[in-house]
Amino acid sequence: MKRRDFLKKSAGAGLAAGAAFSLGGYDKVWPAEMANAEYDMVAIMGGSPEAMFDLGIQEFGGMGTFIQKGQKVLVKPNIGWDVVPEYAACTNPALVTRVIEHVFRAGAKEVYVFDNSVDHGPSCYRTSGIESAAKKAGAKVVPAHSERYYQEVDIPGALVLKKVKVHEVLLDTDVFINVPILKDHDTTRMTGCLKNMMGVIWDRRWWHSNNLDQCIADYGLFEKKPVLHILDCYNVMFRNGPRGVSRQDIVQMKSQIIARDWVAADTAATKLLGVELEKIEHIPLAAKMGLGTTNIESLNIKRIQM
Amino acid sequence: MKKSFLRQFRILFSTLIFICFFLIFVDLQNIIPEKYITALLSLQFVPSILEYISLKTVLSAGFAVVIVLTLITGRTYCSFLCPLGIGQDIFSRIGGRIRKKFRRYGYKKPFTVLRYSLLGITLLVSVIWGIYMLTLLDPYSIFGRFMTFFAKPVVVIINNFLAAILYRFDIYSLHHFPLTAYHLQVYAIPAAFFLLIGILSLTKGRLYCNTVCPVGTFLGFLSKFSLLRIRFDENKCTKCGRCAVGCKSSCIDFLNYHVDVSRCVDCFNCIEICPDNALSYGIVHIREKNTETDEGKRKFIAGSLAMLLGFPASLKSQDRNVPVPGKGSTVKENKTSPVCPPGAGSIADLQKNCIACSLCITVCPTNVLQPAWLEYGVAGMMQPVMNYHKGFCNYNCNRCTEVCPTNALRPLVLEAKRLTQLGKVNFIKDNCIVKTEKTACGACAEACPTKAVYMVPYEGNLRIPETNTEICIGCGQCEYACPVTPFKAIFVDGNPVHQVAKKPMDDEADIEIPTEFPF
């Protein structure tokens with residue numbers, strides 16, 4: 001490529017990105033326009049992860065409820081560990097594929113997938129099967145294991161985590177869809193929607209050494225929130241989490257929770273996992289910061305048995 | 001100018017070999033399968049000898065092939081297979097570009113005493129004491145260290161530059177690799193050798209190979225009995241002397257129609273240079289000339305010593321800036337032994353077999369393998385050591401054990417590696433966030449692949465780590481993850497001799513699977 005062409009193209013790419021951002025406008029999609037949806041949460045049980053998602057998303061009026069044509073979408077699974085899919089330490093790759101397919105069908109221009117893994121990043125992408133699953137569906141799999149990819153942002157209203165470095169792709173995309181997996185967790189007792197955000201930031205050590213639970217809740221205040229949470233509860237690690245030691249740590253619950261409210265989704269998940277909410281710090285803290293409700297009885301939940 | 005097929009073939013072949021060697025050392029994404037690496041390395045002379053001593057299998061006897069090859073063809077190893085030799089040829093070419101004079105060699109007398117003394121000392125030290133001299137002088141190891149210490153960072157920089165450009169175009173096939181430096185002092189020896197070999201090859205052709213390199217000297221000795229060699233056709237020779245000027249080994253004494261085979265590396269340049277076709281490669285009827293003894297120029301040693309003293313210390317350590325919690329930790333980690341890599345068996349075994357080529361260090365995806373400074377003592381300098389502040393040993397990886405050319409790291413299948421206990425975990429409660437800050441942490445237990453570190457109830461909803469050294473494999477994930485500084489609250493103390501860890505718990509599930517929604 002000639003130098004001149006290169007400059008032209010990079011300028012073009014920059015303009016396009018800027019235009020998409022200002023026109024597509026993240027705030028326009030979120031948080032209003034919920035009138036056409038009846039339910040706060042849809043819980044499905046008994047099918048394959050893909051079939052459950054197909055059914056569940058219909059109850060929200062399809063992916064189109066959350067995405068406008070031509071938008072750039074971030075789908076953020078849990079790819080934390082260098083572990084094969086059967087060990088359920090990372091989000092089910094088949095579910096990731098299906099979510100991305102729905103996102104494209106709703107008219108998204110581009111879909112991005114990344115996670116700041118705990119194990120060696122590229123190995124996690126490969127072993128978890130999520131890299132190939134996402135590419136199969138046409139998404140772009142973005143590396144996240146170097147500080148280069150992160151930019152510092154402010155979190156107004158946070159008690160501890162006033163500044164944090166987040167992945168650029170999170171800032172550059174219009175819509176954010178959270179696809180965590182439900183697991184036991186040694187420290188926070190449970191990992192789900194809120195805890196999954198530790199994969200979009202760079203310095204987890206800082207969180208760990210500065211009141212982890214409050215940091216998780218604080219992060220929820222960051223303006224770029226997920227519009228939808230798809231909590232994978234198909235294979236569930238009920239002990240030795242978040243990494244798991246053997247296949248015996250996994251039980252097949254064949255469930256899925258889809259919700260707009262992450263605090264509510266996590267609260268419901270505690271019941272699946274059999275952990276008392278009182279034992280978990282970060283979920284009530286997040287509720288206290290106004291991120292959602294732990295009072296799921298007050299919500300309109302659609303329950304589907306397949 | 002006429003072309004010599006032999007020379008063209010040599011250039012093509014050695015270029016390919018060099019590219020292969022270069023690639024295995026800078027394969028950032030670990031794409032090259034281990035079997036190709038093993039195959040490529042199987043003919044490296046010193047590594048193969050060490051592998052044979054430790055394995056005693058026919059397949060590991062690549063050195064025997066080299067000996068036979070040398071007895072038939074002369075020192076072709078030095079021109080065709082030795083990456084350091086090929087690298088020097090490249091340097092010589094560059095030298096010629098800089099100044100034509102640098103590529104005009106001419107016949108010189110050999111440093112016979114010096115080269116055989118160096119070979120003798122190396123052998124003697126290796127047999128009596130240990131392989132430390134080989135570590136220092138084996139050409140493959142020297143090349144490996146050049147690649148790992150100097151070439152790889154350049155490749156990483158280029159890769160990162162390209163990755164950044166592609167990133168702007170929404171293409172993510174290349175990713176950014178953090179550029180980290182090793183312990184600064186470890187660069188001293190490779191840097192000194194780089195200067196020495198670099199300058200010698202730029203200006204004096206293969207002088208290093210024919211003076212210092214013990215493999216060169218040994219194969220040179222064998223070449224004296226080789227079947228094929230460069231020969232003179234005295235009838236055709238017009239004594240123009242071009243062959244001697246072009247000989248990078250400075251070994252052609254055209255006035256006497258004599259080629260010093262112990263220094264000739266079979267580059268075939270002379271064949272191509274000779275305008276009268278007086279030189280060819282073939283069977284020579286041995287017409288032994290009396291070999292002159294040479295006192296050797298002491299200037300050379302003095303010069304190399306001077307170079308050893310003046311090495312540049314340019315690379316800076318680039319540790320990540322990790323924000324520190326309010327108070328630092330107070331209790332020092334009490335490490336009694338360094339942690340040696342999986343497959344080593346024990347520190348003693350590692351010292352016996354490792355020639356510090358640093359291939360394991362460069363293939364390690366998490367950078368936990370670092371060249372040692374004084375962790376193993378002076379003799380173990382540059383050998384691989386696990387550094388859990390730089391990285392952790394990925395549970396799902398055994399790459400280092402698969403590529404080692406000397407069998408210093410024995411191949412371990414994943415299942416075996418996961419039960420190999422490199423060290424044992426130690427928890428320092430007084431440094432732990434949970435105790436000092438009274439907030440949740442558990443980064444160590446989270447990352448532990450066997451749950452040798454696990455959380456138990458502490459105060460309120462807080463949980464604090466506890467350890468089970470029986471199932472600990474010493475991978476260092478806990479130590480790496482621990483956010484406490486300057487001393488970690490959890491660390492791995494090395495096992496000087498590796499042990500077998502117990503299998504982690506895997507009893508039956510005891511949870512009720514909900515058949516209806518519990519909410």
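Helix H10(A) is largely enclosed by the rest of the structure, because 11 of its 12 residues are buried (a residue is buried if 20 or more other C-beta atoms, placed from the backbone, lie within 10 Å of its own, exposed if 12 or fewer, and partly exposed in between). Helices (H or I, at least four residues) and strands (E, at least two) are DSSP runs, numbered from the N terminus. This is a predicted model, in which local features need pLDDT of at least 70 and side-chain atom pairs count only at pLDDT 80 or more, while totals for chains, interfaces and linings use all residues. Residues are numbered from 1 along each chain as its sequence is written, and chains are lettered from A and ligands numbered from 1 in the order in which they are written.

The buried residues of H10(A) include A:Trp262, A:Val263, A:Asp266, A:Leu272 and A:Leu273. Among the elements that cover them are strand S8 (181-185), strand S10 (228-237) and helix H11 (282-288) of chain A. Contact here means that the C-beta atoms of two residues, placed from the backbone, lie within 7 Å.

Chain B also has a helix numbered H10, at residues 188-204. The buried residues of H10(B) include B:Ile189, B:Phe193, B:Ile197 and B:Leu200, and the cover over its buried residues includes helix H6 (83-98) and helix H9 (139-168) of chain B. The table sets out the spans of both helices, where the expected span is 1.5 Å times one less than the number of residues.

| Helix | Residues in helix | End-to-end C-alpha distance | Expected span |
|---|---|---|---|
| H10(B) | 17 residues | 23 Å | 24 Å |

H10(A) is followed by A:Gly274, with a positive phi near 80°. After H10(B) comes B:Gly205, whose phi is positive, near 65°.

Chain A as a whole has 11 helices and 12 strands. Of its 306 residues, 58% count as buried. Among contacts in chain A with a separation of 6 or more, 77% join residues 24 or more positions apart.

The contact between the chains takes 49 residues from chain A and 48 residues from chain B. Elements giving two or more residues to the chain A side include helix H1 (3-24), strand S11 (250-259) and helix H10 (262-273) of chain A. H8(A) gives the most to that side, with four residues.

Within chain B, helix H3 (residues 45-55) and helix H4 (residues 62-73) pack at an angle of about 135°, with their axes 7 Å apart. H3(B) and H4(B) are therefore oblique to each other. Axes are lines fitted to C-alpha atoms, for helices over the stretch in contact, and angles run from 0 to 180 degrees between N-to-C directions; under 35 degrees counts as roughly parallel, over 145 as roughly antiparallel, 65 to 115 as roughly perpendicular and the rest as oblique.

B:Cys404 lies in the loop between helix H17 (399-403) and helix H18 (414-417) of chain B. B:Cys404 counts as buried because it has 27 C-beta neighbours inside 10 Å. Leaving aside neighbours within four places in sequence, B:Cys404 is in contact with B:Leu359, B:Cys360 and B:Leu409.

Chain B averages a pLDDT (the predictor's confidence in each residue, from 0 to 100) of 89, and 92% of the residues score at least 70. Over residues 288-325 of chain B the pLDDT is below 50. The model scores ipTM 0.85 and pTM 0.86.
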